[in-house]
Amino acid sequence: VTWEEALDDIAARLQNIISRYGPQSVAVTSHWMPEFSTLGILLGTPNNAILHNGTCFGASGIARVAIFGAGTASPFALIPDLANARYVLAIGRNFNCTMGELRTLSAARDDNVQVVIVDPKMPNVALPVETWWLPIRPGTDAAFALAIANYIIQNGLYDAEFLKRNTNAPFLIKPDGTPLTGADVGWGNSDFAVYDEYAGAIVSYRESQSPSLEYSGTVTLANGSTVQVTTAFNLLAQRASKYTPRVASGITGIAADEIVSVAREFAEMRGVAYTGWWSARNGNDIDDWRAIDILNVLVGNIERPGGLLFPVPGGVPSFVGVSGKTIKSVFGGSAPAPDSLFQYPRVDWYRWPILQKAGISQFKGVVEAALTGEPYPIKALFIVATEPLHRDVDVERVKEALKAMDLVVVIDVLPQDVIDYADYVLPDSIYLEREEVTSIPDTPDFAVEYSYPALSPPQGNDSRPMLWAMMEIVKRVNPSMAAALGYTDQMSSDPWGFQRKVAEAEISALARSYGMDPASLLSELRSQGFVVLKKHSYGLPALRTPSGRIEIYSLFALQNGLDPLPDYRPPAYRQPSAPDEFVLITGKDYQVTNQVAWLPPMKWLAREMRMIWMNPSDAERLGLNTGDAVQLTSLDTGESAIGRILVTDRVAPGVLFVPQAMGGHTSSMITEEFSWLTEGVNPNVLSTGISGVGVGVLNASVKVTKI
């Protein structure tokens, strides 16, 4: 059909759905595409920005909120200062996903930076720095990190002054787990209490000159009763003491002497431990990442050269934004925001309230609302530049939800599996075809980059910019809204011109906010490609934790029914117990993205990325060789998938590895030319689902059967 036919029918169906079920019955999901939430905001649905992070950095994001009060918007809310690092501890983190990290580490190689990667799968051999790989058992990261913390504390290698001045380590904690405050002791305020060594008394943390990290004692409360208190630091030390190197070795599979070596080197060299990116793995990952984050805090390597940094906050103004009860556009237009934006709970936050407090999305909320009608039905879904069937857990239930909806629209550039369940596919542009300005992630500075049309769409391909398609739908559903925001008939007839005007208006708004001349900024962006608008300077920012300090003892966790201290808890899936049972993990490598999978050279270059990696000792035991076909059956769900074995020592014994999104594609639109995409396994088919706090569990235990 033509664009006009498609847009007219989509709008007509939307109007019917909204009239019957309300605007809240529409949802939009994406993988962080700029402007993707525009359509949902203007239609008036609270489900306008359901991102991928529930199966990506959801667990580590909650951990960052719990420890630092940061991480709600991005996995890059805290980043390591790689350019100045001496010792980098990367637990479950593959550097080769990000070329900027590779360049930075490569440049730092002359300074003898040491990189330790703790992961069940070996990192790429192309990593251009000295590395030490420790193959850990899946789901045991917290035990490893707490063993390092235990060594640091027991050997006095922590930064006591940093802990006293910048964290809640000196706070006094009562037996019920809550902190002692002025309200308890009758000060007339709710200040947190510490024991001051200089004064020899319990005082407000605001007044203490020398707060003790190791005090324990009895306190008389305002009502005359007494209570035993101890510092948060003591409680952390007590928790970590469970994980001696020997005990942690038994849990993790890493030798005790190697754990000691990492702990000693990390402390002595004031190392930096990566805070998490893709962290939805085992269902116990929030504990993993809190323990890992605390390692940085113990050695005081926060906002110091070579440590963990808070990037300069900032962002590019969006085409539309909500201010109070008003929607404003960068063109200067405005319109009243629909009441439905504020009246209804977002479907994922309704099910998992902690996700709202941490700013995390979970697409499973959309799936369940579509199938159960709770808290209300989802009847229309827009899928923008993402692939739920290779991104989300419980794939068969996702398919059921897609079939149950009245309207599914995919906006993308490739025939991903999900388009088989769509009513319409709108061909989007790629960044090399359109004008666009975006902020640059994974840098401590605030910088913006500019994309300009370096290519035209392929001949015969009538693709249009995604934002234009969304505004055309809004124009048909609510013409007065589109007009009020400055969307004109001329823009309607010129998709690429509209995209350019949006980019220029966003650059102008950005320039004004920094006191710059818009024309000069636009000229600099067009000539240079990027501009650094504000450089990072070392120093702790104001923190949004309940105490305003870094919290090794998390009050956020306490308030949300979680243990305020991290601990090792077994993974959410059933553990292997037979010789033919394994933990199946998934992840990325330098060749792996949903888009790269479709490049013709991947037919030869990435054959190993469509295979099931197995350790040689396991392959010998089961009589398997490279190329043998096997069936993987999930021990928890019973779902199965078929693939071929790659025997390699790049994966730990007892573990299988399948790269994400590289194999197991099933779309009927895949032509013979791209048939290799159907080879291999989609690991999400075998995953176990969602943890109790709404974070995805992508790893699974499977039985291997030779075919």
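Axes here are lines fitted to C-alpha atoms, for helices over the stretch in contact, with angles from 0 to 180 degrees between N-to-C directions. The model is predicted, so to speak of local features takes pLDDT of at least 70 and side-chain atom pairs need 80 or more, while totals for chains, interfaces and linings use all residues. Numbering starts from 1 along each chain as its sequence is written, and side-chain values use heavy atoms, without hydrogens or water.

1. Helix 1 (residues 3-21) packs on helix 18 (residues 466-477) at about 55°, their axes 9 Å apart. The two are therefore oblique to each other (under 35 degrees is roughly parallel, over 145 roughly antiparallel, 65 to 115 roughly perpendicular, the rest oblique). Residues making the contact (heavy atoms within 4.5 Å) include Trp-3 and Leu-7 of helix 1 and Trp-468 and Ile-473 of helix 18.

2. An open, antiparallel sheet has 3 strands in the order 6-10-9 (strands pair if DSSP finds at least two bridges between them). Strand 6 (172-173) and strand 9 (216-220) each have a single partner strand, so one side of each lacks a neighbour in the sheet. Between strand 6 and strand 10 (residues 226-231) there are 2 bridges, and Ile-173 sits opposite Thr-230.

3. Do look at Glu-368 in helix 15 (residues 364-372). Why does Glu-368 count as buried? Its relative accessibility is 10%, and buried means under 20% relative accessible area, with a 1.4 Å probe and protein chains only. Beyond four places in sequence, Glu-368 touches Arg-351, Gly-373 and Arg-397.

How values were computed: Helices (H or I, at least four residues) and strands (E, at least two) are DSSP runs, numbered from the N terminus. Buried means under 20% relative accessible area, exposed over 50%, partly exposed in between (1.4 Å probe, protein chains only).
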